[in-house]
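Have the sequence and the 3D view open as you read.

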Amino acid sequence: MKNQPAPPPDAPTAAVAPGDAADGTGGAHEQPAALLPRAGVMRRRPALVWAGALLAVLVLLAACTAAAAVSISRRQHRHGGAPSASAARGGCDAFAAGRWVVDESYPLYDSARCPFIRDEFACARFGRPDTGYLKYRWQLDPPCAQPRFDGLALLRMWRGKTVMFVGDSLALNQYESLLCMLHAAAPGARTTVSPASGKIDPSYTVRFEDYNVTLVYYLTHYLVDLVAERSGRVLKLDTIEQASNWLAADVLVFDSWHWWPRTGPTQPWDFIQEGNTVVRDMDRTKAFTKALHTWANWVDANLLHTDTKVFFQGISPSHYRGEDWGASAKKTCMGETQPLNGTGPYPGGPIPQQAVLRSVLAGMAKPVYLLDFTYLSQLRKDAHPTKYDGGIFAGDCTHWCVAGLPDTWNVLLYGALTGQF
């Protein structure tokens, strides 16, 4: 299979303009009315006793409110908004309630035996000397049960179905990891690759023939349409005609954000259009928000009354700024070999656009499961290809090695699919 270069490493995340994203904070607790005794009783009791009792009640309420605020602030610092779908359903937030631990049974497969890894993710192929990054497992805290991945069970569950990853190169990262995990589970299974060249234009398909399972990667950086017109390349925030290519999928996994902040030579559009209004630029988080609403409206209009399962990949972090994890401002992921300790919030805080994504998903009629990988991935400054990517980039701190971190994303995807949390 011919390896195709992925898009260049994404620029550091742009800041959110005021008012663009939900602030992610809970409203203040409304104080209940004071529980005053009946007037007749009050006249028979000393006023001092009732004053003391009232003061005790108010102190207790204040303490409860403060404790709740501490709990909410820690959760929101990790997630940048409301709790994830797994937390809302079962009281277990598999994407935040955990830490990275060494597991000598890892990695889940030998990357040298996987025929689906492109050069930009193939760290071992290009001589990465350390192997510690392969040995980390995301250990969930009680009461979460540790999810187990069963590739054969997944192939049987998906028999006769089409699974599609839609988005940029971070979606491709997860897609190729999943291909390797399934191949390791069924190494003798016949597979068909289309196109045979491996070129993504705009899609790429691997079919596990013995199980009648088709896995597709569809490349789109913005989800909405990018159209070449006489005036130039136009990013259309309110049209999504390419989505007709996604209708045949039984499972859809989307992602977007990393290409939105791009400027200069790597920006693939010349104009932004919404309705009849065409501009050369606008606040990128505002444009991202409009595009997400267009995507959400399409999903609700076309998939609401179907059995299609829809997931959205949380925003994958980059590690180009050492200050984000308490290191020097000049430090990047280069040379990093260990993750951060996952017992507290990430020093750099949540990615602001997480709140935008959560807000849009919360307003949809079609249930969409947020695979909220951001926090646990922020801790993995050690898991990027850096210079071990076949010379495609100068130092890649955006994508992830395969095998590596995206395998955990797929373990959690499997856990979500099978109701393990």
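Is Cys-144 buried or exposed? Cys-144 is buried, with a relative accessible area of 11%; buried here means under 20% relative accessible area, exposed over 50%, and partly exposed in between, using a 1.4 Å probe and protein chains only.

Before going further, please keep in mind that this is a predicted model, in which local features need pLDDT of at least 70, side-chain atom pairs count only at pLDDT 80 or more, and totals for chains, interfaces and linings use all residues. Residues are numbered from 1 along each chain as its sequence is written, and side-chain values use heavy atoms, with hydrogens and water left out.

**The disulfides**

A disulfide is a covalent bond between the sulfur atoms of two cysteines. Taking a pair of cysteine sulfur atoms within 2.5 Å as the criterion, the structure holds four disulfides. With the bonded cysteines numbered in sequence order, they pair as 1-4, 2-5, 3-8 and 6-7. Here are three of these links:

| Disulfide | S to S distance | Torsion about S-S | Hand |
|---|---|---|---|
| Cys-92 to Cys-144 | 1.9 Å | 125° | right-handed |
| Cys-114 to Cys-180 | 2.0 Å | -85° | left-handed |
| Cys-123 to Cys-401 | 2.0 Å | about -90° | left-handed |

To place them, we use helices (H or I, at least four residues) and strands (E, at least two), which are DSSP runs numbered from the N terminus. The bond between Cys-92 and Cys-144 links distant parts of the chain, 52 residues apart. Cys-92 sits in the loop between helix H3 (85-90) and strand E1 (98-102), while Cys-144 sits in the loop between strand E2 (136-140) and helix H4 (151-157).

Cys-114 is buried at 6% relative accessible area, and Cys-180 is buried at 1%.

Then come Cys-123 and Cys-401. Cys-123 lies in the loop between E1 and E2 and Cys-401 in the loop between helix H8 (374-378) and helix H9 (405-417), so the pair ties together parts that are 278 residues apart in sequence. Both of these cysteines are buried.

**The cores**

A nonpolar core is a set of buried Ala, Val, Leu, Ile, Met, Phe, Trp, Tyr and Cys residues joined through side-chain atoms within 4.5 Å. The largest one has 69 residues, and those with the most contacts inside it are Trp-158, Tyr-175, Phe-208, Leu-215, Phe-311 and Leu-371. Helix H5 (residues 169-185) gives the most to this core, with nine residues. Apart from it lies another core, of 40 residues, including Tyr-218, Leu-223, Leu-235 and Ala-249.

H5 is mostly covered, with 15 of its 17 residues buried. Its end C-alpha atoms are 24 Å apart, which agrees with the 24 Å its 17 residues should span at 1.5 Å a residue; the expected span is 1.5 Å times one less than the number of residues. At the start of H5, a side-chain oxygen of Asp-168 comes within 2.9 Å of the backbone nitrogen of Leu-170.

Helix H6 (residues 284-303) is mostly covered too, with 14 of its 20 residues buried.

How values were computed:
A polar contact is a pair of N or O atoms within 3.5 Å; within protein, one must be able to donate a hydrogen and the other to accept it, and residues adjacent in sequence count only if both atoms are side-chain atoms.
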